[in-house]
Amino acid sequence: MANGVLMPKAGITVESCIIGKWKKAVGDHVAMGEILFDYETDKASFECESTAEGELLEIFFQDGDEAPCLVNVCAIGTKGEDCSSLRPDGSAPAPAAVEAPAAQAAPAASTAPVAPVVSGAPVSPRARKLAESAGVDPSLAAGTGPNGRIIERDVRQLMRDGAPIQAAQEAAPAAQAAAPMAPAAEYEDVKFSNIRKVIAKGMTTSLQTMAQLTEHFTFDATAIQGYRKLLKAMDGDYAGITLGDMLLFAVSRTILDYPDLNANTIGEDTVRKFKHVNLGVAVDTPRGLMVPTIFNAGQKSLLEISREVKSLAAEARSGKINPDLLSGGTFTVTNLGSTGVEMFTPVINPPQTGILGVCGITQRVKAGKDGQITLYPAMGLSLTVDHRVVDGAPAAYFMKTLCKNLEQFTALLAL
């Protein structure tokens, strides 16, 4: 009996995935656990292992197709087995193309050419690529894929029919003769990746639906720089604790006193205030910005936060992070300090009500107790709040408290 292979559900919040590239073709033998194809969500990429052993009988979704989670994407079994019941749409299999022997073929002159009907059905990326290389119009093919989608085998059938190819080949020389020589392209058009689309949609929604206000502060980073120097001299994971880790720790201990900032908006008139801190940390990855979450950060030590943020960042950059770790945040921190940014306007990650931007360290002057002017390392912080929920004064009080905790960091550790 043929078996279907389901599109995995890569996280509780994921409803569908995009198939990247099939590693196996119809007719190939597949072993249990062997990689069938790679796929991606809007956040990460994965590989699908076979849950059955046998011959790959049929593929229901092609490269680039979006497949719903927990729906059959292919059938595996014994050669010749019927797998129509496993198809997502329950459709009958497409008839195999049979080419008539040359002796039985009707003479071309005896039959008037029939104008093909344009289907208007969606075309898979592989089918479109084949059609372009062969010089045929893929919309002339009859789609046999899921929901009438035109797939590669449909274009090959169109090519076997001959008429569309012949018309395209006859029209090509005239078109080439009439068209002027185009200048060499000096640009490249690059389609948004899935994650880029998600980032674009999220940032646009954020700015269009919130009244965002940004406040800029600085604090004396002498204490955290001194503590960092002390830790670097130690062995093990303590030496890897960074200034950024200390910022995360300080935020997790400060923000609970400002519940409007540790919150999500629900609809247009409700605010959900959390009693714990799930700290989102913005991570720059080759695929784009990701925001993994340190859950219950307020209950974790500085060392635990340091270890977890490094682990999450590595998973995000590898593209293998569980999508469930990219949601559930109550407040976000984004750090551009290492790039030399002195201040910026971070954009809130909906439905959160605030985001803290960490900036670089600059040298500033201040008057000492004896009246002497001295230099000190000033680190910038930029807080953006949803002004529908948080007013300017409460936001400023949070920042003053946070700066104080950072300037007295060792005392904060003792709490």
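Me: Which strands does helix H6 lie across, and at about what angle does it run to E16?

Reply: First, the ground rules: this is a predicted model, where local features need pLDDT of at least 70, side-chain atom pairs count only at pLDDT 80 or more, and totals for chains, interfaces and linings use all residues. Residues are numbered from 1 along each chain as its sequence is written, and side-chain values use heavy atoms, with hydrogens and water left out. Helices (H or I, at least four residues) and strands (E, at least two) are DSSP runs, numbered from the N terminus. Contact means heavy atoms within 4.5 Å. Axes are lines fitted to C-alpha atoms, for helices over the stretch in contact, and angles run from 0 to 180 degrees between N-to-C directions. Here, H6 (residues 243–254) lies across E12 (279–281), E15, E16, E17 and E18 (373–386), and runs at about 160° to E16.

Me: What is the strand order in the six-strand sheet?

Reply: Two strands pair if DSSP finds at least two bridges between them. This open sheet reads E9-E18-E17-E16-E12-E15, with mixed pairing. E9 (212–220) and E15 (293–294) are the edge strands with a single partner each, so one side of each has no neighbour in the sheet. Further in, E16 (residues 331–335) and E17 (residues 354–367) pair in the parallel sense over four bridges. Threonine 332 sits opposite isoleucine 355 in E17.

Me: Where is tyrosine 238 found, and is it buried, exposed or partly exposed?

Reply: Buried means under 20% relative accessible area, exposed over 50%, and partly exposed in between (1.4 Å probe, protein chains only). Tyrosine 238 is in the loop between H5 (222–232) and H6, and counts as partly exposed because its relative accessibility is 37%.

Me: How much of the protein chain is buried?

Reply: Buried residues account for 39% of the 415 residues in the protein chain. As for the secondary structure, the chain has nine helices and 18 strands. Of the contacts between residues at least 6 apart in sequence, 61% join residues at least 24 apart.
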